[in-house]
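Open the model in your viewer and keep the selection tool ready. Each stop names what to select and what is there.

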Amino acid sequence: MANGLAVAGGGRVVTPVLERLTPAALEALVAVERAGQAHPWSEAALAEALTSPAYELWGAYAPGAPAELLGHAALYRLPFEAELQAITVAPGARRRGIARCLLERLLARAAAWRSERLLLEVRASNAAALALYAAMGFREDGRRPNYYPAGAGRREAAVLMSRPL
Ligand SMILES: CC(C)(COP(=O)(O)OP(=O)(O)OC[C@H]1O[C@@H](n2cnc3c(N)ncnc32)[C@H](O)[C@@H]1OP(=O)(O)O)[C@@H](O)C(=O)NCCC(=O)NCCS
């Protein structure tokens, strides 16, 4: 499945192509995850998610360059809700609306599952992600203090957010 969506951001219009990812995308997925995430998923975890019936992984590809994966997002199905488990955009492709585009697709997929809400957890220090989620209509439900390791023996809170569907 593939759909081109016109998006705008960072002063530049981009038309990414969104595709449901298959195991054939593993190598590109690992590369974007390593380049774009301070705490990347392991290759084994990505490979498992690509074949698990509980997950949908979606990729955003550069228009006119179908092999260039610009970003991806992972949606996990719970009994009554859905969870955004990961969203990563390659550093060179940020602020062009790629994450917004991926999130819109995940919201539509979760709505098609008849999930009640889309849930997520994010590090309290992740200002870019917090701004993205606020701009997309997510609201804070609470915090888990000292949830994530933050280096040098420190820990930081998880912010729990959701958006009704
Ligand atoms: C967070 C992340 C996914 C955003 O991806 P992106 O494609 O650059 O985001 P978009 O261009 O779709 O931004 C949509 C909106 O989110 C907000 N936003 C995104 N990045 C922002 C930043 N660095 N600072 C402030 N606001 C930001 C803005 O409101 C933006 O709209 P605008 O550009 O019109 O102002 C990207 O920075 C990333 O991959 N970060 C590393 C991985 C990560 O932290 N993932 C989330 C937690 S798992």
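Select Arg20: its relative accessible area is 38%, so Arg20 is partly exposed (between buried, under 20%, and exposed, over 50%, with a 1.4 Å probe and protein chains only). This is a predicted model, where local features need pLDDT of at least 70, side-chain atom pairs count only at pLDDT 80 or more, and totals for chains, interfaces and linings use all residues. Residues are numbered from 1 along each chain as its sequence is written, and side-chain values use heavy atoms, leaving out hydrogens and water.

The side chains of Arg20 and Glu56 form a salt bridge, 3.5 Å from N to O (a side-chain nitrogen of Lys or Arg within 4 Å of a carboxyl oxygen of Asp or Glu). Arg20 sits in strand β4 and Glu56 in strand β5, so the pair ties together parts 36 residues apart in sequence. Strands here are DSSP runs of E, at least two residues, and helices runs of H or I, at least four, numbered from the N terminus. Glu56 is buried, at 4% relative accessibility.

Next, select Arg123 and Glu156. Their closest N and O atoms are 2.9 Å apart, in a salt bridge. Both residues are buried.

Move to helix α1, residues 26-36. Leu26, Leu29, Val30, Val32, Glu33 and Gly36 are buried there. They span an arc of only 165° around the axis, which puts them on the same side of α1 (the arc is that of the directions from the helix axis to the C-beta atoms). Turn to the face away from that side: Glu27, Arg34 and Ala35 are exposed.
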